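Trainee: Could you take me through the salt bridges, slowly and in plain words? I'd like a close look at that one part.

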Amino acid sequence: MKTTKVSFFVLSLILLLVAGLSGWSGDANANSNSGKTYVIGTDITFAPFEYQDENGDYVGIDMDLLDAIAKDQNFNYQIKALGFNAAVQALESNQVDGVIAGMSITDERKQKFDFSEHYYESGVVMGISANNDTVKSYEDLRGKKVAVKTGTEGYSFAESIASKYGFTIVPFDDSSQMYDDVKTGNSIACFEDEPVLRFGTNQNNGLKIVTKKEDGASYGFAVSKGQNQELLKMFNEGLVNIKANGEFKRITEKYLGENAVVANQGRWELVQKSLPALFKGLGNTLLYTIISLFFAFIIGLIFGFMKVGQNKFLRGVATVFVDIFRGIPLIVLAFFIYFGIPQAMGFTMPLFLAAILTLSLNAGAYVTEIIRGGIQSIDRGQMEAARSLGLPYRKAMIKIVIPQAIRVMIPSFINQMVITLKDTSILSVIGLVELTQSGKIVIARTFASFDIWLTVAIMYLIVIITLTKIADYLEVRVRRG
């Protein structure tokens with residue numbers, strides 16, 4: 001028992017150390033003010049308002065606007081890139097202090113959030129494939145599918161006219177996926193905020209705008225209801241100042257004006273410039289996989305031995321653990337740990353800790369079953385023979401049963417390693433910037449889905465094949481030993 005407590009203390013220390021080194025997965029601004037630093041949630045796949053450039057910097061109208069206001073009002077902030085839906089949930093659960101993400105000010109959202117004065121008048125337009133000459137109005141959508149992005153003004157507008165014009169809504173989590181669905185012909189059109197789709201068409205995203213802008217809600221900066229009122233006040237005052245001194249106009253024209261930069265890169269050049277961001281994402285994927293598997297193995301050992309032990313209560317506890325964490329989908333577990341628990345308990349959870357807990361508990365349940373199955377696959381006569389020779393139960397397990405069971409478990413451990421590595425991609429829904437999320441971020445800027453997803457797939461393939469070959473080699477060595 002004493003050894004177990006020491007081991008748990010050491011493991012906790014390691015986890016906290018790595019969590020501290022990993023930080024918040026965001027960038028802080030460079031203001032010299034040593035006061036409070038506000039954590040701001042955003043999307044970064046919503047160009048031209050927020051996206052990541054090829055240098056890895058967060059740019060766009062919202063990012064430049066926030067930076068200009070922070071300098072004007074002399075406050076510090078840290079960006080937490082989550083995706084729009086996750087950012088809104090993070091604000092609800094007080095994981096962030098505010099959200100700036102092209103967020104429309106609506107009566108429904110006003111029930112939960114306090115908004116700044118609006119900083120951009122938006123509106124919805126319809127986009128179709130650049131090669132489509134048949135769709136010219138909403139009437140042409142009848143009997144067709146229309147792509148929309150969840151939680152946006154475009155989604156609300158599509159819902160409001162869907163029954164009138166007889167089309168089916170197909171929801172997506174980010175704009176690039178929505179555009180791809182239209183370009184591949186799965187959906188005939190999409191509804192998007194006018195400045196966003198205009199920026200995309202200027203960047204050769206393969207779409208064109210065919211309708212006039214519909215009236216829509218304006219964009220605002222949001223904080224939780226009754227929370228961070230000093231931040232909201234500074235944002236409003238700073239917004240007035242940068243509009244007065246011309247900085248606001250300069251920012252919007254930089255991205256939406258006549259002289260806005262239009263991307264014109266070759267396919268190989270695009271992939272080359274995207275590789276640093278993708279390799280950084282791959283590094284995070286490997287880091288989270290290794291750390292979570294380490295803790296999953298510890299968890300699996302504990303509950304695995306409980307499941308094959310002689311104590312009925314401990315066997316029951318282990319069974320409940322496996323049933324719960326094997327039965328809950330990983331994405332639901334991630335949302336519950338990162339958003340649900342902090343909101344219920346009233347504390348803030350670092351993204352790193354939430355990701356490691358999610359992966360470790362999920363993989364730990366499967367490792368538990370691997371260990372149980374491996375031990376129980378050894379003929380019971382082995383244990384009976386050892387006991388008949390006078391060996392205690394624990395010593396018989398350590399000396400006789402477990403060494404044989406390990407050889408049986410190795411292939412399953414290898415398989416679980418590969419599964420966990422791929423499962424890290426699911427955690428992009430809570431803002432984890434691993435390889436898959438890095439690909440999404442690059443595509444949000446370049447709209448080059450085929451080239452980037454092909455590169456990402458090859459990177460996954462190389463890593464998984466390499467790890468599998470190494471594991472196979474170790475398996476042979478263990479079996480021979």
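Mentor: Here is a walk through the salt bridges, pair by pair.

Before we start, this is a predicted model, so to speak of local features we need pLDDT of at least 70, and side-chain atom pairs count only at pLDDT 80 or more, while totals for chains, interfaces and linings use all residues. Residues are numbered from 1 along each chain as its sequence is written, and side-chain values use heavy atoms, with hydrogens and water left out.

The cut-off used here is a side-chain nitrogen of Lys or Arg within 4 Å of a carboxyl oxygen of Asp or Glu. By that rule, the structure holds twelve salt bridges.

Let's begin with K254 and D64, whose closest N and O atoms are 3.3 Å apart. This pair links distant parts of the chain: K254 sits in helix α9 (residues 247–256) and D64 in helix α2 (residues 61–73), 190 residues apart. Helices, by the way, are DSSP runs of H or I with at least four residues, numbered from the N terminus. The two partners also differ in how much surface they show. D64 is buried, at 15% relative accessible area, whereas K254 is partly exposed, at 44%. Those words have cut-offs too: buried is under 20% relative accessible area, exposed is over 50%, and partly exposed is in between, using a 1.4 Å probe and protein chains only.

Stay in helix α2 for another pair, K71 and D67. Their salt bridge has its closest N and O atoms 3.1 Å apart. K71 counts as exposed because its relative accessible area is 55%, and D67 counts as partly exposed because its value is 21%.

Helix α6 (residues 175–183) has a pair of this kind as well: D180 and K183 both lie there, three residues apart, again about one turn of the helix. The closest N and O atoms of D180 and K183 are 3.5 Å apart. At 31% relative accessibility, K183 is partly exposed.

K307, E369 and R372 are linked in a network of them.

How values were computed. Helices (H or I, at least four residues) and strands (E, at least two) are DSSP runs, numbered from the N terminus.
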